[in-house]
Amino acid sequence: MKKECGGTPPRHDEITCRKAILDCLLDYETGAMPEALRLELDRHFGDCPPCGEFLTSYRATGRTLQMLKPSEVPPELARAVVDFVKARCGKK
Amino acid sequence: MSSEQEISDLDLVRGIKAGDDRAFEQMVARYHARVYSLTYGVLRNSEDAEEATQDAFLTLYRKIGTFDESKKFFSWFYRVALNTAYSRARRRPALPTIAIDDYLPRFRSDGHLVAGDVPDGAIPVDDDAALRELASKAEGFISELPEPYRDVIWMNDVEQMTANEIADVLEISIPAFKSRLHRARLYVRQRLSEISKPPEPVAAAEAR
């Protein structure tokens, strides 16, 4: 289970890759974290090349997921639903 | 805004309870597409999703009397739809799902990312056409996820539901929602990275 992100901002040298990626990355990307902690993470992602690359690919994943669209709804579905329910409930 | 859109869900619920067929038809018009898409996320098959949508509205029609009007209709009905889809899914052979922990990044005991856990092949960040192609693959990866993760990422990233809506429908806390969403995205990131490996340099290939 992911630990809750936030609370007292740690010192820069206390931010580990594990904390940055597992505990804080989602809130970091959605902007849902205290400014001081966000600045610490900015520094970590800037100073740690593997985490910087990880962040890039995580953002690309987000962009990819944004391109997913709900599946196309069959055009007659609403009518079919109403007819189905009426038939099952003995209505004309 | 049309007059139909101004009618609240609760007004329609009360209309259906009173036997007003027009209210039921308006409810179908309002929610059938979202229910279809939600059930499609579980069933991954348009015919099954159509039938699950019909069953969900049948349950709505029959059980509307049990709906507590102090609650949100949306959350209640989405739970009805999800349960309908789960029930239908259980009647078919179970599809294999992955062990999500096997695909999460690994760390050393000092908390540093294990070298090599960021694949060399970068996801093509600036290439929209390539990202669109990857999106179709991502849909398949989402379907491999265990149900708690699959439903959260589908509702959030495809259905564009809010965190509060998803937590309400699934009856989970916001931290649990965030944890599931993040782990699901980490899984999809890992799988997308694996299939985005750049072609091997010619010299390296010829050296073999």
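**View 1. Phe24(B) sits in helix α3 of chain B.** Helices here are DSSP runs of H or I with at least four residues, strands are runs of E with at least two, and both are numbered from the N terminus. This is a predicted model, in which local features need pLDDT of at least 70 and side-chain atom pairs count only at pLDDT 80 or more, while totals for chains, interfaces and linings use all residues. Residues are numbered from 1 along each chain as its sequence is written, and chains are lettered from A and ligands numbered from 1 in the order in which they are written.

**View 2. Let's look at the surroundings of Phe24(B).** Phe24(B) counts as buried because it has 23 C-beta neighbours inside 10 Å (buried needs 20 or more other C-beta atoms within 10 Å, with C-beta atoms placed from the backbone). Leaving aside residues up to four places away in sequence, Phe24(B) touches Ile16(B) and Tyr61(B) (contact puts the C-beta atoms, placed from the backbone, within 7 Å). Leu60(B) is 36 residues from Phe24(B) in sequence, yet their C-alpha atoms are 9.3 Å apart.

**View 3. Helix α3(B) has a kink of about 50°, centred on Tyr31(B).** The bend is the angle between axes fitted to the seven residues ending at a residue and the seven starting there. After α3(B) comes Arg44(B), with a positive phi near 55°.

**View 4. Here chain B meets chain A, with 44 residues from chain B and 37 residues from chain A in the contact.** Elements of chain B that give two or more residues to its side include α3 (21-43) and α9 (174-195). The largest share, 10 residues, comes from α9(B).

Notes: Contact = placed C-beta atoms within 7 Å. Buried ≥ 20, exposed ≤ 12 C-beta atoms within 10 Å, placed from the backbone.
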